[in-house]
Each structure stands twice: as structure tokens, then as C-alpha cells.
Amino acid sequence: MSTARDRWLDEGLKVLAEEGAAGVRIDRIAARLKLSKGSFHHHFDGAEGYKQELLAHVERLSLETLDRAIAEAAGSTDARAVLAHLTRLVRPDGTGLYRPELEIALRAWATWDADVRAVQTRLDEARLAALQQVWRPAVDSDEAARTAALLPYLLAVGATVVFPPIDADRLRGLYELLLPLVPDTSA
């Protein structure tokens, strides 16, 4: 069962995805959760403390989801197999690797808030580093792996920031077009 603190953070993510940073207000979240502001203050050190914890929550969940997805395919060192597995996890239900509303809100917030920009920078770098490791067995250098990792990552970022965002089914279809380009290293 989720603690009240977790509920505050999870609801903050929902509000951020639905309304952007301006919607992340204690009174709104309290009303949605049917909790008191006293509950909020029991768990967080004011609005700034909540923002910091919410950002840490976003970062942790994003990276754990990607790490878990890659680990699920860990039996394979074949880049194509791992990327095919990641492609299957681009789902329209918001439980997979593609959450465009949250990405849009976080990137927009990062344009004017240095704390958020630092989180977004770390997320981008960690995601690229993970994809680079996936690609490394398929190419002949770290630099080539980094370049190869940029293609699917920038496709996802671009799919997120166009308006309206590309739906998950279409993005998965685009990734499926790329899969045959990945060298087969299973042999």
C-alpha cells in the first residue's frame, strides 16, 4: 500500500503531466487526494522541498523504468534484440517507456527553472548512456555507439515535443522501421 507521501508525489506527477508546472500547487493536489495541507507539511518541507522531492521522484522513476526494461532483455547482448524489446515497451497506456505529457511538462519547466533543467540534463545523459551501452556490441567504437544511441533518443524527444505529440503506436512503428538497420550481433 502506498504511503501518503508516495500519494503526494504520484499525484504531483499526474498534475505535472496534465497541467504543467503551474498546476503543481499544494492546494490543488490536496483537493485531488482529499488530504489536508497538514498532511503535506507532515511529509514535505514546504513547496520548495516538495518540488525537490517531486523532481527526484521523476528522475528515479524514469531511470528505474529504463534500467528495468534493459535488464529484462539482459539475457541478450544483441543490440537489435534489446532495442526490439524496448520498442515493445512503447505503449499507449502510460505504463511503458513513453510518457509524452510528462516529458513535455518537464522540458517546458526546465526552460525557466535551473533545478528542473539540472534534472532534465541528468535524465537525458543517463538515457543516452544506457542506449549507448545497448548499441556498443553492434558498432566498433564508443563514439559510434553514442551516435547510434542519439537516433532513437532524438526520435523519442522529437515525437514528444511536436504538437500534438506522436502517439505511442506510431512511435513504436517508427522504431520498428529502424530495427532492420541495427546490425545483428547474435551470432
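Residues are classed as buried when their relative accessible area is under 20%, as exposed when it is over 50% and as partly exposed in between, with a 1.4 Å probe and protein chains only. The model is predicted, and local features need pLDDT of at least 70, side-chain atom pairs count only at pLDDT 80 or more, and totals for chains, interfaces and linings use all residues. Residues are numbered from 1 along each chain as its sequence is written, and side-chain values use heavy atoms, with hydrogens and water left out.

Helices are DSSP runs (H or I, at least four residues) numbered from the N terminus. Helix α5, spanning residues 79-88, is mostly covered, with seven of its 10 residues buried, namely Ala79, Val82, Leu83, Ala84, His85, Leu86 and Thr87. These buried residues pack against α4 (46-72), α7 (114-135) and α9 (168-178), where contact means heavy atoms within 4.5 Å.

Rings of Phe, Tyr and Trp (its six-membered ring) are paired if their centres lie within 6.5 Å, and planes under 30 degrees apart count as stacked, over 60 as edge-to-face and the rest as tilted. By this rule there are four aromatic pairs. The rings of phenylalanine 40 and phenylalanine 44 have centres 5.4 Å apart and planes at 35°, so this pair is tilted. Phenylalanine 40 is buried, with a relative accessible area of 0%, and phenylalanine 44 also counts as buried, at 4% relative accessibility. Ring pairs link Phe40 and Phe44 with Trp8 and Tyr50 into a cluster.

Terms used: Helix = DSSP H or I, 4+ residues; strand = E, 2+ residues; numbered from the N terminus.
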